[in-house]
Amino acid sequence: MRVQKFLAAGAIALMTAAGGASAQSNPVERAIPVERVVSPGGIEAWLVEDHGNPIISVALGFRAGAASDPEGKAGLAEMVSGLLDEGAGDLESQAFQQRLADLAVDLGFDAGRDSFTGSMRTLTENRDAAFDLLRLALTEPRFDPGPVERIRSQVLARLASRVNDPTEIADRVWWRATFPDHPYGRQPSGRPETIGRITTEDLHNFVDQRFARDNLVLGVVGDITAAELGPLLDETFGALPPAATPVSVEPVTPSAAGELIVVDRTVPQSVVMFGQRGLQRNDPDFYAASLVNHILGGGGFSSRLMQEVRVKRGLAYSIGTYLYPLDHAGLLMGHVATQNTRVGESIDVIRAEWRRMQEEGPTAEELADAKTYLIGSYPLNFTSTGSTAQVLVAVQLENLGIDYFNRRTALIEGVTLDEAKRVAGELLDPANLATIVVGAPEGLTPTRSAPDDAS
Amino acid sequence: MIRSTLARRLCLSALFAFTLVGAGPAPAAVFNPETFTLDNGLQVVVVPNHRAPVVTHMVWYRVGAADEPLGNSGIAHFLEHLMFKGTETMPPGAFSSEVARLGGNENAFTAQDYTAYFQTVAAEHLETMMRFEADRMANLALTDEHVLPERQVILEERRQRVENDPGAQLSEMMRASLFLHHPYGTPIIGWEHEMRGLTTADALAFYEKWYTPNNAIVVISGDVTAEEVRPMAERTYGQVPRRAVPERKRVEEPAQTAPRRVVLESAQVQQPSWSRLYLAPSYNRDPENAAYALEVLAEILGDGPPGRLYRGLVVEDKVATSAGAYYSADAFDLGTFGFYGSPLPGAEIEPVEAAIDAAIDRLLKEGVTEAEVEAAKGRLQAGAVKARDSLFGPARTFGAALTTGSTIEDVESWPERIGAVTVEQVNEAARAVLTPETSVTGLLLPKPTS
């Protein structure tokens, strides 16, 4: 037990001490020995061995998401994600599901805007059978009419159940207004009319064109060795085509800067979504921006917005901001929910804090505390095989390199106060915020109406 | 919500792992938790897990919304918020700032039977967390200056969770109807008109009545051992004096004699849904020894593709787009057994209700099969192995168990007890629990346009 003596001192002393980041140990290296495994057939996976439990988790990501859904068929990637475990190879839907249940294999897929991800978790004793089910799902999905119509009806039911939810409306309208002429403006889950248009041929085309070895990344964690994993990679993913069909998604700049859109709904609490242009993941200022965002609205109870909006004024239960780096655009977004009579006050406070951070940047103490948080909290991602595997995939999808786990601390440490202030000044601008309010807000004057198909 | 019972009790077992991996007889150990009790009555449970150099540290109090004084609904949850407002020596928010500065995550939650606070931090900061928690166990300092804005926050929380969401409103009305007399019928967050009147004095009175080491359990999961934890616990929690705690005694439900039906029509609703709750035993109140059989029953009926309801209603008969069942056994008093279903888009709700009623009738008449019981037991036990693959889950399992009348041994023997369930027990439990008189049916419907 490495109880650091200075931390065992009085609480008040700790509170006032600025706490340099160099005092933190960085346990990631010891916790996460990531190994690059390349199969005989040339398929690469990042592996973290952990033999503590008889469990193996696999995470995978294809660089192909909902943004590449064909025009008029938004929701295709999402439909595929719901159907890969609904029959594959010789196993029809119920037989496939029964086999998953009998082997206690967890298998799931998810379609994001830029990537299509999946996860599989199995007990060690069922390892080979579980990897084989994953192979079947990715390479021989059946898309039989029965399951296709069943999943289609479930997607439609889910869309219907959310169509009037204020949070969902705010999300739809924000993305539509921000990316009016770009696939990012569509909902990955699609719309009822686009879901209705998706054919079995579309589903097969998606799999044939988007799932390939050259756009696949893999993370494997748990009770398996590199020697065992190598041949399994070939058996599982070797049947994928070597290269995906190229898709081009254009780079895009967020629209609607400075706009305030109100969608009238009879609910007691207005839901607000706001955002502006942000940074992409490969931007050299990304770490400075992460620290600034943490201080402004990203960091739990201690962020400026949490203090000003919730703690001091009682305006909201939840308030937060986050960086959303897409492959072809960068965003800085946030949300708040406040009773209709006071939502204008919430928005004013947010804009004022946005401006204060833009003009003054963070203080030295805020920056130091943000660094210790972002560095110290990273190991919290590695407490299960599944979450660890997901991090391995995310780091690969973002092209950060396998040495990222060793470089990350220095990248955060290296941000100076001047840099943080510069990035805050360049990035943040309350005049750039696109703000969507859903509810019956009092005293707000919209700058424009909501985009057509979004309500 | 729907998956909560299963998920919680699945966080239970290593026993099955051993039986799977090694061939020999199952050893008695499950999570291998270690436990000790301080002189002041505070119990400490340690679940070693050395995957990452981090710990989850939780303090659980044996008090929840169901222990609130009449007229003060929401005070248990309000107090949970106010526990972040400082002590005699720590300014408001200082604990949270320090957790964040140390790279930790924290939060708290309130249920009907317990209130819990937790931090996940690098293992080297564990004692700091323990010292701060021990401090606010005894030295909470509240003033109106910080309490009154927080009362606005919980009202916003209620608007966000309930008043903006017709499904949550229906659920609130259903629970209020299921429990005619027992405080489980009152929402954890409180009734709005009573929340508005909650005061600093109310919060302090509740705190002084219930927050004391002999009414608390500390659960630590992660890169640490009990041997390391004990001296730290003695230096921190061990310094807090014990106080007398009242017995947790809630009123009993009367005999229920008529099924209830709650219908909520809302312009916000486009996709209807149907649900039903039955009163059920809990692990703690289980005179007929039915709780484990009901877990197997819920697994057979299922809330996914292998389940009877999904297979019958969604796949084969195509009358529903979703259908399933679940059971919540983690309660100090009564548990609940629930069903749900939703029609195909654009279709009526009635055929879904008729189909679920028919499935229940068939279950009560014909019972379940040996094959169904064995398959369900296998899935539950395999899930229990995977539950070890978590830091937070095992800690939550022990905390919830120990605050609702269960013991560490109950948790440890869960897979064994699931394994012992028979077809007859499942059928008897189904017939005992699925009686219309002890049920509430809820319908969430679009508002008819006139």
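Domain bounds here come from an automatic or database domain assignment. This is a predicted model, in which local features need pLDDT of at least 70 and side-chain atom pairs count only at pLDDT 80 or more, while totals for chains, interfaces and linings use all residues. Residues are numbered from 1 along each chain as its sequence is written, and chains are lettered from A and ligands numbered from 1 in the order in which they are written.

Start with chain A. Select residues 30–237 for domain 1 and 260–454 for domain 2. The centres of these two domains of chain A, taken over C-alpha atoms, are 28 Å apart. Where they touch, domain 1 of chain A contributes 38 residues and domain 2 of chain A 31; a contact means C-beta atoms, placed from the backbone, within 7 Å.

Next, select α7 (166–178) of chain A, which gives eleven residues, the most, to the side of domain 1 that touches domain 2. Helices (H or I, at least four residues) and strands (E, at least two) are DSSP runs, numbered from the N terminus.

Now select A:V272. Beyond its neighbours within four places in sequence, A:V272 is in contact with residues including A:A170, A:H335 and A:I436. A:V272 and B:L294 have the most contacts inside the largest nonpolar core, which has 278 residues. Such a core is a set of buried Ala, Val, Leu, Ile, Met, Phe, Trp, Tyr and Cys residues joined through C-beta atoms within 7 Å; buried means that 20 or more other C-beta atoms, placed from the backbone, lie within 10 Å of a residue's own.

Finally, select helix α11 (residues 291–301) of chain B, which supplies the largest share of this core, nine residues.

Notes
Buried ≥ 20, exposed ≤ 12 C-beta atoms within 10 Å, placed from the backbone. Contact = placed C-beta atoms within 7 Å.
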